[in-house]
There are 2 protein chains.
Amino acid sequence: MFNLSQAIPLEDRANDLITVGELLVDMISNDYGGASEGGGYTRYFGGSPSNISINVKKLGIRSQVASAVGRDSLGTFLVNELQSAGMNTSGVQRVDESTSMVVITKSKETPVPIFYRGADSGLVYNDFVEQALIQSKIVHFSCWPISRVPSRDTVERVIEVAREHKLLIGFDPNYHPLIWQKGEDGVSYVKSIIPKVDILKPSEDDAERLFGPGTPAEQVGRFLELGAKLVIMTLGKDGALVSNGRETLAFDTKATRIEDTTGAGDAFWSGFYAGVVKGYPLKEALELGLAVSAYKLKFTGAVVNLPTLEVIKQQYNL
Amino acid sequence: MFNLSQAIPLEDRANDLITVGELLVDMISNDYGGASEGGGYTRYFGGSPSNISINVKKLGIRSQVASAVGRDSLGTFLVNELQSAGMNTSGVQRVDESTSMVVITKSKETPVPIFYRGADSGLVYNDFVEQALIQSKIVHFSCWPISRVPSRDTVERVIEVAREHKLLIGFDPNYHPLIWQKGEDGVSYVKSIIPKVDILKPSEDDAERLFGPGTPAEQVGRFLELGAKLVIMTLGKDGALVSNGRETLAFDTKATRIEDTTGAGDAFWSGFYAGVVKGYPLKEALELGLAVSAYKLKFTGAVVNLPTLEVIKQQYNL
């Protein structure tokens, strides 16, 4: 049981956070427009866990990635970007598949991402992953690596070793049918993972894809029924609803100006993890998550130039 | 046996050429540069069979495509482009996979394409394909659809029905290990297709990937040994070497100015097929292939604004 008024006790380790999973190219159209307009695209560094790893480093804690990219120019681009952000890239595996990509053609209607799964799901469990893992305090992953093998096997092993070595386990239940292998029951698999992790941060869309419609309180309840220990449901402009199964707290958003929502969820995770690592009580770590998310919302792009957690605290009076 | 001095007899049909296979997006970087420079890309209509279908229509014969794209914005873009070129798009199947894409980051060294196989290999054999096929004189395909199932099964059925209905079968043996399923012996499979078709147009690179190194004459001999009926080996600036197994002819290039070699092979096929349909003796159809290729080489892009075959004949004194 996580006490919302207390800090989460963490083991003393050489690294704070390791993120396991998708490192990929976001290929985003330059213009709004339908299928026949605007043929220009720009490649961006992408993949939520990698964004979180870069964010937390900026906030002032130590991080590491375990990911797989192709032996191709897009893979090299991603590795170079990680290096430019000062990250250690020894955890990036180069595999015999094309570097994964998401193509997003901006649209006045709902832009539907097109998923190209390749190298990311080729992540294998090896000595390097194990060593990086057991030297970390927190491990984080999303639905991407568990949607395909061999990366699913890797995450299953990561969960076992993380429990054995008392790491805190964060899971982003960002289930989407399009990333799952056709014909496989992704919803059931995601539900089976929920009791094995410590912290879940679903969005309303994630919850609806997993459970169907419901109020935020109903959805949080459904995660708890499945065995979730701490559910942080982010609600956009309505803040967040958090429950440890005994106590449920509503948090207001801290956003003042919304320029671009891309990466706001990753920014939340980043501020939250940084707060947890720095030993803040859970409630305060959650406030820090909301503050970093609010900061990110003022700028365009998934990864923005975050200041340290101390500067965020001052700016948001925390 | 194809007599090089005679026209190829064709059945009288409502359509001239049907191309079966890859319709995809070429995502090409705007700038030359390595992995860290130039993040801008432009999407282009791509896929060699579709390019050939559009080309021959411009040259003045009738064509049809049988291809599969995703139910996504890139698939809609490709369908729109075909329509803009005046093509009938009823042969384009929409399937539950992402529209196939090739990413090409231009480079001063050899640019290595990154293949994203998706919808293109989902092409199924259905009544529409069968009807379009038996109403055509010539069918054309490349190694893309035969490298994966179910499109491989589709092409196998296409070959059977085409033989039954006396279509001329053209095959581009553009084998590349990266388009093949990992662990599968693509070379053997391609070799097994060779005796089942009528006309092959390998490049030197294709031949080397299938057989290892050799002179053009040696490579042509290897295709013939496998049961090829007519081998047209294109040699870039050295023209082409053509053999029916009994007679071997060398053709000079007609290129005068080389702006961009992209699509030169498709342009050759297009001029050649147009000549065959118009009843020219094989030698003259080959000259027309070289002329259309030479015309295309003067312009940038895979598909250029070709004039009619009659204009090409005049310009190249044929």
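Predicted model: local features only at pLDDT ≥ 70, side-chain atom pairs only at ≥ 80, totals over all residues.
A salt bridge here is a side-chain nitrogen of Lys or Arg within 4 Å of a carboxyl oxygen of Asp or Glu. Between chain B and chain A the count is 2 salt bridges.

Residues are numbered from 1 along each chain as its sequence is written, and chains are lettered from A in the order in which they are written. Local features need pLDDT of at least 70, side-chain atom pairs count only at pLDDT 80 or more, totals for chains, interfaces and linings use all residues, and side-chain values use heavy atoms, with hydrogens and water left out.

As for confidence, the predictor gives the complex an ipTM of 0.87 and a pTM of 0.91. Chain A has a mean pLDDT (the predictor's confidence in each residue, from 0 to 100) of 94, and 97% of its residues reach 70 or more.

The interface brings 28 residues of chain B into contact with 28 residues of chain A, contact meaning heavy atoms within 4.5 Å. About 2,200 Å² is buried between chain B and chain A, 57% of it on carbon and sulfur atoms. This buried area is the accessible area (1.4 Å probe) that two parts lose on being put together, summed over both.

Over all chains, the whole structure holds 19 aromatic pairs. Rings of Phe, Tyr and Trp (its six-membered ring) pair if their centres lie within 6.5 Å; planes under 30 degrees apart count as stacked, over 60 as edge-to-face and the rest as tilted. One of the pairs is stacked: Phe268(A) and Phe272(A), at 6.2 Å centre to centre with 10 degrees between the planes. Because these two residues are 4 apart in helix H9 (residues 264-277) of chain A, about one helical turn separates Phe268(A) from Phe272(A). Helices (H or I, at least four residues) are DSSP runs, numbered from the N terminus. Phe268(A) and Phe272(A) are both buried, that is, under 20% relative accessible area (1.4 Å probe, protein chains only). Together with Trp269(A) and Tyr273(A), they form one aromatic cluster.

Charged groups also meet rings. A charge sits over a ring if NZ of Lys or CZ of Arg is within 6 Å of the ring centre and within 35 degrees of the ring normal.

| Charged residue | Ring | Distance to ring centre |
|---|---|---|
| Arg152(A) | Tyr189(A) | 4.5 Å |
| Arg152(B) | Tyr189(B) | 4.5 Å |

Key: Buried < 20%, exposed > 50% of the residue type's maximum accessible area, 1.4 Å probe, protein only.
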